[in-house]
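Colleague: I have the coordinates open and would like to go through them with you. Could we start with the overall picture and then turn to details?

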Amino acid sequence: MSVVPVQVLPDTARSVPEAGPAVVAELAPAARLWPSLVAVYRAQLSRARVARIPLLFVATFQSIGITVMMRGVVDNGFEARSVVAGSAVLVVAFVALNLLAQYFGQLRAGGGLDHYATLPVPPAAVVLGTAAAYASFTLPGTMVTAVFGCVLFGLPLANLWVLLAVVPLAGAALSGLGAALGLLAPRPELATLLGQLGMSGALLLGVLPPDRMPELVRLARDLLPSTYGVEAYARTFDAHPDWAVVLADLGVCAGVGVISLAVAAWAYRRAAVR
């Protein structure tokens with residue numbers, strides 16, 4: 001290695017430029033809710049397309065089986081409306097309460113929340129996108145169950161389109177509840193248990209005619225979010241439905257859905273920081 005005297009160096013090499021003020025790079029703007037929700041929805045939809053279709057077939061077959069079983073107990077009449085409407089909404093409850101509680105319980109236990117925590121998406125987008133993806137599979141099963149029940153009990157099919165509003169609104173209310181159960185449960189086994197208990201409650205309180213229930217059970221039925229979706233669809237079987245009451249029931253579903261999804265987003269933040 002040779003040493004060059006400092007005298008022979010050019011003046012530009014002798015002087016060392018002074019360091020200027022540090023330049024701080026600006027962070028990218030936070031992702032907005034709607035684009036993040038769409039991205040999570042598409043990812044969950046492609047992931048659950050293959051794995052959840054057999055389970056949704058089971059949910060539809062279960063609801064149809066309950067409709068056939070109740071046909072031997074309930075005659076054609078006012079009580080048949082509760083059976084058909086409750087069996088149709090039960091498909092939504094199976095997915096929103098049972099499967100979603102299991103999914104978020106396993107996601108929390110397996111460290112899957114760490115993956116979402118590294119993404120620049122709002123917590124509400126994760127909950128809403130996942131819930132919407134799961135609820136998207138329930139509409140065909142709900143329609144098949146409703147058509148089968150209407151034919152079995154001789155009920156009209158004219159207002160079947162109301163399910164297009166009942167499924168997303170009741171699904172939002174139940175999905176928020178199922179996600180919250182899965183995120184707040186300390187163990188995945190407990191999340192599965194709570195989800196199955198919630199689905200059993202939707203089965204017993206939604207399918208059975210309310211006139212045959214004790215007063216205490218009726219109160220518990222009024223506290224279940226899916227009840228108002230069942231009532232909204234059951235009222236459409238009247239010869240002249242009271243659409244104001246139907247809209248009021250759907251409004252209750254929407255309000256409960258906003259609250260339950262907000263609770264689920266809070267539960268997600270709480271579970272992600274632990």
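This is a predicted model: local features need pLDDT of at least 70, side-chain atom pairs count only at pLDDT 80 or more; totals for chains, interfaces and linings use all residues.

Colleague: How many helices and strands does the protein have?

Modeller: There are 11 helices and 0 strands. Along the sequence, the pattern accordingly reads α-α-α-α-α-α-α-α-α-α-α.

Colleague: What percentage of the residues counts as buried?

Modeller: The protein has 274 residues, and 45% of them count as buried. As for contacts with a separation of 6 or more, 82% are between residues 24 or more positions apart. The accessible surface amounts to about 14400 Å², with 68% of it belonging to carbon and sulfur atoms.

Colleague: Let me pick one of them. What does valine 166 touch, leaving out residues up to four places away in sequence?

Modeller: With those left out, valine 166 is in contact with Val89, Gly171, Gly229, Ala232, Tyr233 and Leu250.

Colleague: Now the charged residues. How many salt bridges does the structure hold?

Modeller: It holds 5 salt bridges. One of them joins the side chains of arginine 81 and aspartate 238, at 2.2 Å from N to O.

Colleague: Which parts of the chain does that pair tie together?

Modeller: Arginine 81 belongs to helix α3, whereas aspartate 238 sits in the loop between α10 (226–235) and α11, so the bridge ties together parts 157 residues apart in sequence. Aspartate 238 is partly exposed, its relative accessible area being 30%.

Colleague: And arginine 218, which residue does its side chain meet in a salt bridge?

Modeller: Its partner is glutamate 215, at 3.9 Å from N to O. Both residues lie in helix α9 (residues 215–223), and because they are 3 residues apart there, about one helical turn separates them. Arginine 218 is partly exposed at 30% relative accessible area, while glutamate 215 is exposed at 61%.

Colleague: What about arginine 235, with which residue does it form a salt bridge?

Modeller: Arginine 235 pairs with glutamate 231, and their closest N and O atoms are 3.8 Å apart. The two are 4 residues apart in helix α10, so they too are separated by about one helical turn.

Colleague: Is glutamate 231 buried or exposed?

Modeller: Glutamate 231 is buried, because its relative accessible area of 19% falls under the 20% limit. Arginine 235, by contrast, counts as partly exposed at 31% relative accessibility. Both residues belong to a network of salt bridges that also links Arg221 and Asp249.

Colleague: One last topic, the surface. Which residues form a nonpolar patch there?

Modeller: The patch consists of Leu184, Ile259, Val263 and Trp266, which together have about 380 Å² of accessible area. Helix α11, residues 243–272, supplies the largest share, namely 3 residues.

Colleague: Where does isoleucine 259 lie, and why does it count as exposed?

Modeller: Isoleucine 259 lies in helix α11. It counts as exposed because its relative accessibility is 56%, and the limit for that class is over 50%.

Technical notes:
Residues are numbered from 1 along each chain as its sequence is written. Side-chain values use heavy atoms; hydrogens and water are left out. Patches are made of residues with over 30% relative accessible area and no salt bridge: like charges are joined within 9 Å, nonpolar side chains (Val, Leu, Ile, Met, Phe, Trp, Tyr) within 5 Å. Accessible areas come from the Shrake-Rupley method with a 1.4 Å probe; for residues, only the protein chains shown count as cover. A salt bridge is a side-chain nitrogen of Lys or Arg within 4 Å of a carboxyl oxygen of Asp or Glu. Buried means under 20% relative accessible area, exposed over 50%, partly exposed in between (1.4 Å probe, protein chains only). Contact means heavy atoms within 4.5 Å.
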